Amino acid sequence: MNKNFKKLNTIALIVIWALYCISLKLPVLSSPGWGEMRGLGILLMGWLGFVLELSSTAYVSWYANLFFIYISIQTFRGKKTSISHLFMLLLASGSFFPMKMLRDEAGGSYVTVSHNLGFYFWISAIVLLSTLVFINLIKSSNRNN
């Protein structure tokens, strides 16, 4: 049973990472002043929010990606991640609100108007990973009883 559960975990992680990788290729956000932004561009540039000390929800939500990677690795190794998946969900939930994002080095900014298909792939991957962690926590507590 344990070996089958590990195999099922691995398959679930592959599906979750496929969704995440698809979200990197697709347009995620759009704005009238900037057009469409793809997930990979946001992933590569999101760390600038920390460097530039921006507190926009867009930059705070970016840190959900770091939790996503950490939780994926820990889940693949079969280790518990306790409540870190809740922090990931909390950070990702900030991306549902209107986001004021930096446009250029002169301080120009724009507000995102809509979420595109890539956003929904990204949020689906995050919710599914959190669900997988929750299921693993329940299974491990059942095994201990």
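Let me start with V60, which is found in helix α4, residues 57-77, and please keep in mind throughout that what we are looking at is a predicted model. With a relative accessibility of 37%, V60 counts as partly exposed, and although V60 and L90 are 30 residues apart in sequence, their C-alpha atoms are 9.9 Å apart in space.

Leaving aside residues up to four places away in sequence, S61 touches L91, A92, G94, S95 and W122, and its side chain reaches the backbone oxygen of L91 at 3.1 Å.

That brings us to helix α5, residues 84-93, in which S84, H85, M88, L91 and A92 are buried. Why do these residues sit on the same side of α5? The directions to them cover an arc of only 120° around the axis, and that places them on one side of the helix.

Let me turn to the rings, where the structure holds 7 aromatic pairs. One of them joins W17 and Y20, whose ring centres are 5.1 Å apart with the planes at 65°, so this pair is edge-to-face. Both residues lie in helix α1, residues 2-25, 3 residues apart, which is about one turn of the helix; W17 is partly exposed at 29% relative accessibility, whereas Y20 is buried at 2%. W62 and Y63 also form an edge-to-face pair, because their planes stand at 80°, with the centres 5.1 Å apart.

Notes. Residues numbered from 1 in each chain as written. Predicted model: local features only at pLDDT ≥ 70, side-chain atom pairs only at ≥ 80, totals over all residues. Heavy atoms only, no water. Buried < 20%, exposed > 50% of the residue type's maximum accessible area, 1.4 Å probe, protein only. Helix = DSSP H or I, 4+ residues; strand = E, 2+ residues; numbered from the N terminus. Arc of directions from axis to C-beta. Polar contact = N/O pair within 3.5 Å; in protein donor to acceptor, adjacent residues only side chain to side chain. Contact = heavy atoms within 4.5 Å. Phe/Tyr/Trp six-rings, centres within 6.5 Å; stacked < 30°, edge-to-face > 60°.
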